[in-house]
Amino acid sequence: MSEAETERRMAELERLLNDPETRMDANRVWVLLAELARQAEPARR
């Protein structure tokens with residue numbers, strides 16, 4: 001995942017969690033968290 005994609009996902013997550021006018025989508029929050037966690041893991045080989 002590129003740095004720009006990571007930033008877009010972080011911005012979407014922040015909006016979902018903190019914007020009172022955005023409807024909460026718990027499934028999308030978990031998907032974004034999983035993607036970001038995978039990105040943060042060191043490569044296992």
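Leaving aside neighbours within four places in sequence, E35 is in contact with M1 and R9 (contact means heavy atoms within 4.5 Å). The model is predicted, so local features need pLDDT of at least 70 and side-chain atom pairs count only at pLDDT 80 or more, while totals for chains, interfaces and linings use all residues. Residues are numbered from 1 along each chain as its sequence is written, and side-chain values use heavy atoms, with hydrogens and water left out. The protein chain holds two helices and zero strands; helices (H or I, at least four residues) and strands (E, at least two) are DSSP runs, numbered from the N terminus.

**The chain as a whole**

- The C-alpha atoms of the protein chain fill a box of roughly 45 × 20 × 10 Å, taken along the principal axes.
- Of the 45 residues of the protein chain, 16% count as buried. Buried means under 20% relative accessible area, exposed means over 50%, and partly exposed lies in between (1.4 Å probe, protein chains only).

**Salt bridges**

- How many salt bridges does the structure hold? There are two, a salt bridge being a side-chain nitrogen of Lys or Arg within 4 Å of a carboxyl oxygen of Asp or Glu.
- The C-alpha atoms of R9 and E35 are separated by 8.6 Å.
- R9 is partly exposed, at 23% relative accessible area, whereas E35 is buried, at 16%.
- Another salt bridge joins R28 and E12, and here the closest N and O atoms are 2.9 Å apart. This pair also links distant parts of the chain, with R28 in helix α2 and E12 in helix α1, 16 residues apart.
- R28 counts as partly exposed at 28% relative accessibility, and E12 counts as partly exposed at 23%.

**The nonpolar core**

- Which residues make up the largest nonpolar core? They are the five residues L13, L16, V29, L32 and L36. A nonpolar core is a set of buried Ala, Val, Leu, Ile, Met, Phe, Trp, Tyr and Cys residues joined through side-chain atoms within 4.5 Å.
- The elements that give two or more residues to this core are α1 and α2. Helix α2 gives the most, with three residues.
- L36, one of the core residues, touches T6, R9, M10 and L13, not counting residues up to four places away in sequence.
- In soluble globular proteins, nonpolar side chains tend to be buried together.

- Helix α2 has 15 residues and reaches 21 Å from its first C-alpha to its last, close to the 21 Å expected at 1.5 Å a residue. The expected span is 1.5 Å times one less than the number of residues in the helix.
- V29, L32, E35 and L36 are buried in α2. They cover an arc of only 130° around the axis, which puts them on the same side of α2; the arc is that of the directions from the helix axis to the C-beta atoms.
- An α-helix has 3.6 residues a turn, so residues three or four places apart point the same way.
- The buried residues of α2 pack against α1.
- On the other side of α2, N27, W30 and R38 are exposed.

**The loop between the helices**

- Is T22 buried or exposed? T22 is buried, with a relative accessible area of 19%, and lies in the loop between α1 and α2.
- The side chains of T22 and D19 are joined by a polar contact of 3.0 Å. A polar contact is a pair of N or O atoms within 3.5 Å; within protein, one must be able to donate a hydrogen and the other to accept it, and residues adjacent in sequence count only if both atoms are side-chain atoms.
- T22 is also in contact with R15 and L16, leaving aside its neighbours within four places in sequence.
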